[in-house]
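Here are a few exercises to work through with the model open beside you. Try each task before you read its solution.

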Amino acid sequence: MDLLLANGAVLPESELRVETSRASGPGGQHVNKTETRVTLRWSLADSALSGPLKQHLRSRLAPRLTKTDELLVSVDDTRVRSRNLVLARERMKEILDAASKVPKKRQPTRPTKGSKERRLRAKRAQADKKSMRRKPIPD
């Protein structure tokens with residue numbers, strides 16, 4: 001099942017590699033003999049996504065990418081491999097959706113006259129409070 005990203009791009013199922021391994025945590029003998037941890041691997045370098053989107057994702061996902069431009073998502077929350085696979089796909093989609101969003105450009109604004117007056121009034125009140133704490137100057 002392909003992943004449909006928020007920006008309309010489609011991540012084909014063929015680009016995701018699924019690896020399983022033994023999970024840690026409670027579970028006794030079950031956890032020691034079954035491979036329930038699921039790791040999804042997606043290679044940004046080998047992806048069929050458009051060039052500009054790839055560059056955008058590379059810059060936004062830089063801390064999460066491996067040296068070979070792969071995004072890894074590991075899940076071992078449950079004791080069932082199939083449920084962990086569903087969770088891993090959801091997390092991969094969330095990560096890619098968040099990274100593919102283009103932040104809105106900030107509209108520069110100026111402080112209003114009222115906000116300037118409130119700021120100066122607060123500064124004056126703070127200065128007055130501090131001055132009341134000082135020792136009086138002898139005449």
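## Exercise 1: A charged patch

Lys 116 is partly exposed, with a relative accessible area of 43%. The model is predicted, so local features need pLDDT of at least 70 and side-chain atom pairs count only at pLDDT 80 or more, while totals for chains, interfaces and linings use all residues. Residues are numbered from 1 along each chain as its sequence is written, and side-chain values use heavy atoms, leaving out hydrogens and water.

Task: Which residues gather with Lys 116 in a patch of positive charge on the surface?

Solution: 
1. Start with the terms: buried means under 20% relative accessible area, exposed over 50%, and partly exposed in between (1.4 Å probe, protein chains only).
2. Helices (H or I, at least four residues) and strands (E, at least two) are DSSP runs, numbered from the N terminus.
3. Now look around it: the patch on the surface holds Arg 110, Lys 116, Arg 119 and Lys 123. Patch residues have over 30% relative accessible area and no salt bridge, and like charges are joined within 9 Å (nonpolar side chains within 5 Å).

## Exercise 2: The partners of β4

Task: With which strands does β4 pair, and in what sense?

Solution: 
1. Find strand β4 at residues 37-43, where five of the seven residues are buried.
2. On one side, β4 pairs with strand β3 (residues 16-21) in the antiparallel sense over six bridges; two strands pair if DSSP finds at least two bridges between them. Here Glu 19 stands opposite Thr 39.
3. Strand β5 (residues 70-75) also pairs with β4 in the antiparallel sense, over six bridges. In this pairing, Leu 40 stands opposite Val 73.

## Exercise 3: Salt bridges

Solution: 
1. A salt bridge is a side-chain nitrogen of Lys or Arg within 4 Å of a carboxyl oxygen of Asp or Glu. The whole structure has ten.
2. Arg 37 meets Asp 76 in one of them, at 3.6 Å from N to O. Asp 76 lies in the loop between β5 and α3 (81-100) and Arg 37 in β4, so the pair ties together parts 39 residues apart in sequence.
3. Arg 41 forms a salt bridge with Glu 70, with the closest N and O atoms 2.4 Å apart. Because Arg 41 lies in β4 and Glu 70 in β5, this pair ties together parts 29 residues apart in sequence.
4. Check the cover: Glu 70 counts as buried at 11% relative accessibility.

Definitions and conventions. Areas by Shrake-Rupley, 256 points an atom, 1.4 Å probe, with all protein chains shown as cover. Lys, Arg positive; Asp, Glu negative; His and termini not counted. Charge placed at Lys NZ, Arg CZ, Asp CG, Glu CD.
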